[in-house]
Each structure stands twice: as structure tokens, then as C-alpha cells.
Amino acid sequence: TPLAPSALRCLLDKMMSSTNMRGLSKFISDIRACPNKEAERARVDKELAKIRGKFKSDRKLGGYDKKKYVWKMLYIFMLGYEVDFGHMEAMALISSQKYAEKQVGYIVVSVMLNESHEFLRLAINCVRNDLISRNEAAQALALTCIANVGGKEFAEALAGEVQNVLMKTTLRPVVRKKAALCLLRLFRKNPDAVQSDAWGRDQISQLLHERNIGVLTAIMSLLLALAAADPVGYSSCTGQCVEILDRLVKNQDIPAEYTYYHIPSPWLQIKIMRLMQHFPVPGDSMRRQLLGILQRVLLSTEVVKNVYRNNAMHAVLFEIINLVMYLDSEQELVTQCVTLLGKFIGVREPNIRYLGLENMGRLALMPEMLHVVQAHQEKIFTSLNDPDISIRRRGMDLLFMMCDASNAVVIQAEMLKYLPTASISIREELVLKMAVLAERHASDHIWYVDVMLELIQKGTEFVSDEIWYRVVQMVTNEEAL
């Protein structure tokens, strides 16, 4: 994800300050000392004129001077001023054999040029040379530049080389991670540039044997995008994904640096579960294996005092619920999900309560699970009095979805009690939902009229004319009333 302009400027500012270039440090100090915008503009114009003169001079600039002037040019650009020269000097730095000069060139190209800039064509050969070189530092710089700039032209020209870098198992993990994420960026910009057919059959399958968790996580991000575009074509990866998930859940060969509060790489677990929702539902044998893995995670999920561990466990749990619903799993596993969600809607953390209510609402849409959700009715009632209005709204929606003939009287009574104190922003919606439920689940006409009259009394100006007319029509047409 690209950095925000302020964060990027701060980062570049620190990098420039650490270059030990006296002229650059002096220029930055002068800019910071300017008392107003006019003074800053005058200082910038003076420096731009000096840099332009140096670049046009017949005297050949050394690498040190090129770096210094290009850094100044980039700093001016980050201040918001237009810089329409110096691009060729940045390209020349990319071609340098020295890492310090090459790094500056790549940073300037990544920041100052967009994907439609004409000078990017001149950079393609330089970037390709770094990709196919044996210098891993240069490869990393090239991959970062490609991912930041993106663009259809970069994708068409360099996607093949990026794929080759990703497939080289002899490279350091950091380079291969960059290659996977770079390829993901190119695929999003121009899907046709990535050889998706070959990757679906052979290369992606080979990559999923990767043992480094960091590289595997990056590969899984790429596979998520590829599978979203062609689920059937990549469904052959289902078995390997299930095996990886099984290894993660069992914590087999997971390095400590990828274990987050005793949870083995929760990010990778979530990506795999999300990926499985793109593939067709697997056969019975693999489906049983997958459900067994999910059940193992469910049984080990609990609410603990550590907030960070809670967040990780809950993130995994909510993705399990999505996957269970996609697989149309048997009732036992879904019941366990609802039971856990029932615990979550009672915890102190508001985000967890909100997500618990939201996911329970999705499960309430499954007819066979409605009675299981209804068992947590009392806890859901308490959400109507939550300080957070988003939780109150989610609780109201859930009560509406879980209401049937068996609990309509209780839910209506609770909502009528809540109505006078409900937030004005949701009161009209609440009145409408109560009117719908009263008519949908009326046990007899007298009960319906009693509820509606109380609703009209407490709802006041939030009761629409249609609700009035419906009550009048009911009383008029029923002789018993």
C-alpha cells in the first residue's frame, strides 16, 4: 500500500538527513527556517535555478553531486512544487553500479513519475537489467520501483522477469516476497500481462511447497487475486492449501517470528480460509479434513485478557464462520460458531461485540440455525442499551432477523420498552421494523392492535402514515375489533 504523502515526506526527510551531504542538509535547514511561504518559494526557485544550471553545465557531474542535486530536486517535489527537469539524471543514477546512487535513482523515479509518464519507457531496460542480474540488492530496488509505479507498460514489459525472480528458490526470502507482491500489483493493473494459465497448473502449485512463512504469505496474496479472477482454473491448489492450513493449526515448523501471541501466523490462516471461499466446494474426503481443521481452531478459541491475542483469535474465527457458511457445513460446527459468538457479544471490547452481532446475524439467516441464535436472545437484548450506536443498530437488526412466531411477543415487548430511549437517528427505522414484525407474526388481531397502538403512542412523529392506515384498515375490516 502506498504511503500517505505526509508519511512519505517524513520518511524521505529522514533518509536525506542521514546522507551526510552538507549542501543537502544546509538546503533543508534553510527551508525549515523560512518565516513564510513567499520566502520558501524564493529559496526553492533559487535552488531549482542552481540545479538546472549544474545539469546543463558542460562539466561532467560526479556521482556524489548527481545524488545531492537529485535529492534536492526530490525534496522540492515533495514540498509540492513542480519539477519538470532532472529525469534523465535520475535515470543515469539507476544505471550506476554503486548501490547508494542506484537507490537514489529508484526512489526519485518511484516518487516523481507516474505510470503514464513518457520517461518511464527509458527506465524499462535499466530495470530489466537489474531484475536479471545476480545482485539481490539491485533486484529488490527494481521490484520496489515496479510495484510503486505499476502501469500497463511496465506490466507488459517486465511481468515475465518478475515471475522468473519469484521462481528462483536460491534468492533470499525478502527478494521473493517483493517479487510476489510486485506481481500482484502488476496483475491488478493489467491481468493479461501475467501468464495465468501456466501459473494455475504448474508454477503456483510449485510455489505452494515454500517453507518460508513470509514468502508463502506473499504468494497466498497473489493466489487470492488470481483465484478471484479464475476460481476453477486454480482449484487444483485446494489440496495444498488445506495441507498448509493443517500445518499452521498444528503449529508444525512455524518459526517464532511468525507466531503472534501464541497463534501461528494468523494472517496466513485468514488468507487461506478466504482463498478456499473462491474455490469450488471440495469433495467429501477433503471437505471432512478441512472441517476437522476448522473444528480444532474453534475448540481452542476463547476470550482471554490479552487484547492482541483476542484480536488475532477473533479475526481467524470470523473468517472460519465465513468459510463454514460457504461450505454449507453440518449443524454441529455452525452451532459451535454461534456458541462462541454468544460469548463475544458479552465481552467489554466494542469491536468484538459488533463483529459478534454482525456474524450472528448472518448465521440467523440460515433457517436451521435460527433456534440456536435465539438461545442468546437475552444477551442480544442488552446490546440495545450499549453506549455505541453502531452496536445498538446491529442488535436491532439481529432481533429483527431472528424474530419468529415463537419469540415475537417477547421481542416486541423489549423493543417497545426500548423505543422511547432509542436514538433519534434510528427511531424511524425501529418503528418500521416493529410494525413489520407485528403484522408478520401476529398471533391474533387483538394483540396486533394493542402492539400497534402502543407503537403509535411511543413512536409519535416517527410513525409514518402507512402504519396508521394499516391499523385503521385492520380495525375496520375485523368485526371482532
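Predicted model: local features only at pLDDT ≥ 70, side-chain atom pairs only at ≥ 80, totals over all residues.
Now the setting. The largest nonpolar core has 165 residues. Met-220 is among those with the most contacts inside that core, along with Leu-208, Cys-241 and Leu-294. Helix 12, residues 213-229, gives this core its largest share: twelve residues. As a general point, nonpolar side chains in soluble globular proteins tend to be buried together.

Next, a helix pair. Two packed helices are described by the angle between their axes and the distance between the axes. Take helix 9, residues 152-167, and helix 10, residues 173-189. They pack at an angle of about 150°, and their axes are 9 Å apart. Angles over 145 degrees count as roughly antiparallel, so helix 9 and helix 10 are roughly antiparallel to each other. Their crossing is left-handed.

Who makes the contact? From helix 9: Ala-155, Ala-159, Val-162, Gln-163, Val-165 and Leu-166. From helix 10: Val-175, Arg-176, Ala-179, Ala-180, Cys-182, Leu-183 and Leu-186. By class, that is eleven nonpolar residues, one polar and one charged.

Last stop, Arg-176. This residue sits in helix 10. Is Arg-176 buried or exposed? Buried means under 20% relative accessible area. Arg-176 has 3% relative accessibility, so it counts as buried.

Technical notes:
Residues numbered from 1 in each chain as written. Heavy atoms only, no water. Axes fitted to C-alpha atoms, helices over the stretch in contact; angles between N-to-C directions. Helix = DSSP H or I, 4+ residues; strand = E, 2+ residues; numbered from the N terminus. Parallel < 35°, antiparallel > 145°, perpendicular 65-115°, else oblique. Left-handed = near helix turned anticlockwise from the far one by under 90°. Contact = heavy atoms within 4.5 Å. Nonpolar A, V, L, I, M, F, W, Y, C, P; charged D, E, K, R; others polar. Core = buried A, V, L, I, M, F, W, Y, C linked by side-chain atoms within 4.5 Å. Buried < 20%, exposed > 50% of the residue type's maximum accessible area, 1.4 Å probe, protein only.
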